[in-house]
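Me: I would like to go through the charged side-chain contacts of this protein with you, step by step. Could we look at the structure together?

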Amino acid sequence: MATEAKPAAPTEDPVKLAEFEARCDRGETIEPKDWMPEKYRRQLTRMMSQHAHSEVVGMLPEGNWITRAPNLRRKMCLIAKVQDEGGHGLYIYCGTETLGTDRAELIDQYLYGTAKYSSIFNYPTLTWADIGVIGWLVDGAAIVNQTMLAHASYGPYARAMIRICKEENFHKRQGYELCATLARGTPAQKAMVQDAVNRWWWPSLMMFGPHDTNSPHSADLLRWKVKQKSNDDLRQRFVNLTVPQAQAIGLTLPDPDLKLDQATGDWKFGEIDWSEFNAVIAGNGPMNRERIAARRKAHEEGAWVREAAAAYAAKHQPAAGQAA
Ligand code: BYC
């Protein structure tokens, strides 16, 4: 059931548009009932819904390891983390609905249409060390991106990000602590965590999206202060934060070109394999088919829960006329 393409955005009232852009320039927060250009509404619906889909699909690679966690403490942390990701999806779907598209349609666009979700969740979790590395690198990258989005011009999105970032910080710390423990463990444990870092490093850098010169949505999103920083700026910030963290626990990052630029303080890094990124976002990554199949199965098997919840709500809703 692919949803139909939306019609082209209407021409906006130039006076209202100028007022709106002035509000964005002044750093004001835009709320759901405020006037906004149709393109702002569409851009946010696209970006926020893709973010919500990512949170939910992100439960799969990690959920896969819950039964295999090596001890009770690690299992509790992982269950809590996976549950948090589901909650993040929920907040962001709720925020997206304030823009006027209901959740069923957003999920339909994702499961049966062309809506994207983060490339990172199309890679397999091969060993227990992957769970630590996802917490450290993937949640670490998400924090860099989402700390910026906590200042986004759209109120419901920005507010969701504040709570999400607090939880992501916990995720990152438990992941880094897991990596540090393995890195100072037996030679086999150290090799396992190094292998996981080698596999997740480049996909983590891809999470920030294409180069600025190749990012069609950035100009609008930066002008409207949805994004406060560009894809490349955030990627550089993530690299600068992560290199010393890797050094501190004796792990290396798989990039022979990684070098500190003394003048700027930036860690310069090698070129990302954009052909891999493009393949993954086009649906041809290592786990794309499996992830979407798992999500469709869960959605279809959960139909009875949605029906039961709707029937329960209808039963407890006062009949028309009685309400008064
Ligand atoms: N993966 O013009 P661009 C998490 C697409 S979940 C897939 O730069 P924009 C977590 C992009 O959508 C973290 N697609 O776009 C959960 C666009 O395609 P469409 C998820 C990507 O929007 C569980 C096209 O490429 N975070 O942390 O200006 C466990 C052109 O790109 C990607 C968010 O979603 C990608 N990596 O910038 C653990 C954050 N990159 O829509 C952790 C919110 C680009 O035209 N989103 N594309 O078909 C954003 O900040 C921005 O949307 C992006 C892209 C930086 C991702």
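The questions below concern the salt bridges of this predicted model.

Me: How many salt bridges does a search of the whole structure find?
Reply: The model is predicted, and the search covers the whole structure. The number of salt bridges found is 19.

Me: Which parts does the salt bridge between Glu21 and Arg223 tie together?
Reply: The two side chains meet with an N to O distance of 3.3 Å. Because Glu21 belongs to one helix and Arg223 to another, the pair joins parts that lie 202 residues apart in sequence, namely helix H1 (residues 14-25) and helix H9 (residues 218-223).

Me: Is Asp220, which forms a salt bridge with Arg223, buried or exposed?
Reply: Asp220 and Arg223 have their closest N and O atoms 3.2 Å apart, and the two residues stand three apart in helix H9, about one helical turn. Whereas Arg223 is partly exposed at a relative accessible area of 38%, the value for Asp220 is 10%. Since buried means under 20%, Asp220 counts as buried.

Me: Which residues are linked with Glu21 in a network of salt bridges?
Reply: Glu21 is itself partly exposed, with a relative accessible area of 22%, and its side chain meets that of Arg223. Arg223 also forms a salt bridge with Asp220. The residues linked with Glu21 in the network are Lys39, Asp220 and Arg223.

Key
Residues numbered from 1 in each chain as written. Predicted model: local features only at pLDDT ≥ 70, side-chain atom pairs only at ≥ 80, totals over all residues. Heavy atoms only, no water. Salt bridge = Lys/Arg side-chain N within 4 Å of Asp/Glu carboxyl O. Helix = DSSP H or I, 4+ residues; strand = E, 2+ residues; numbered from the N terminus. Buried < 20%, exposed > 50% of the residue type's maximum accessible area, 1.4 Å probe, protein only.
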